[in-house]
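Subject: Structure handover

Hi,

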Amino acid sequence: MTVSFVCRTESALPPERLFDLARSVDAHVDSQRGAGERAIAGVMSGLIDEGQEVPWRARHFGVPLTMTSRITALEFPASFTDDQVRGPFKSFRHVHEFQATETGSIMTDRVEFTAPFGILGRLAERLILRGYLQRLIAHRGRFLAGPWTA
């Protein structure tokens with residue numbers, strides 16, 4: 001069973017700048033310092049582009065995890081999608097959408113995931129993972145939204 005959620009973040013940045021920050025390996029690492037997240041191969045710095053992969057290592061719930069994500073679609077500066085190609089989830093997709101506003105932009109994160117382990121995974125999805133990932137994505141969105149210089 002797939003779980004999904006949406007996070008929206010307003011920013012004073014133009015969509016082009018927010019788009020590039022969202023696909024910046026360096027900005028991602030900075031936003032996830034609490035989990036010690038870091039790129040361990042592939043694109044290890046700068047901007048990730050369509051077809052490229054990044055294996056990430058992090059510690060969540062006290063457990064060291066490795067997850068490789070690939071940019072499977074990219075339409076600058078409107079949207080890009082990253083999918084887990086190896087990692088702890090049965091499936092994980094993150095769609096990033098950007099829309100210009102009068103005062104900057106709105107970034108919309110659409111996340112869909114499925115945990116492994118059958119019924120135990122479904123229980124973990126509902127009780128723990130959905131809320132945890134939603135908070136993580138919201139924190140990342142706030143980090144990317146500012147206080148950068150447009």
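**Aromatic pairs**

The model is predicted. It holds eight aromatic pairs.

Take F89 and F113. Their ring centres sit 5.6 Å apart, with the planes at 70°. Edge-to-face applies to planes over 60 degrees apart, so this pair is edge-to-face.

Where do F89 and F113 lie? F89 is in the loop between β5 (79-86) and β6 (91-101). F113 belongs to strand β7 (residues 104-114). The pair therefore ties together parts that are 24 residues apart in sequence. Both F89 and F113 are buried.

There is also a cluster. Ring pairs link its members: F19, F76, F80 and F98.

**H96**

Next, H96. This residue is placed in strand β6. Is H96 buried or exposed? Its relative accessibility is 1%. Buried means under 20%, so H96 counts as buried.

Which side chains make polar contacts with the side chain of H96? One is that of H94, at 3.4 Å. Another is that of D109, also at 3.4 Å.

Now leave aside the neighbours of H96 within four places in sequence. H96 is then in contact with A78, S79, F80, D82, T108, D109 and R140. Two names on that list come up elsewhere in this email. D109 is the polar partner given above, and F80 is one of the residues in the ring cluster.

Best wishes

Key
Residues numbered from 1 in each chain as written. Predicted model: local features only at pLDDT ≥ 70, side-chain atom pairs only at ≥ 80, totals over all residues. Heavy atoms only, no water. Phe/Tyr/Trp six-rings, centres within 6.5 Å; stacked < 30°, edge-to-face > 60°. Helix = DSSP H or I, 4+ residues; strand = E, 2+ residues; numbered from the N terminus. Buried < 20%, exposed > 50% of the residue type's maximum accessible area, 1.4 Å probe, protein only. Polar contact = N/O pair within 3.5 Å; in protein donor to acceptor, adjacent residues only side chain to side chain. Contact = heavy atoms within 4.5 Å.
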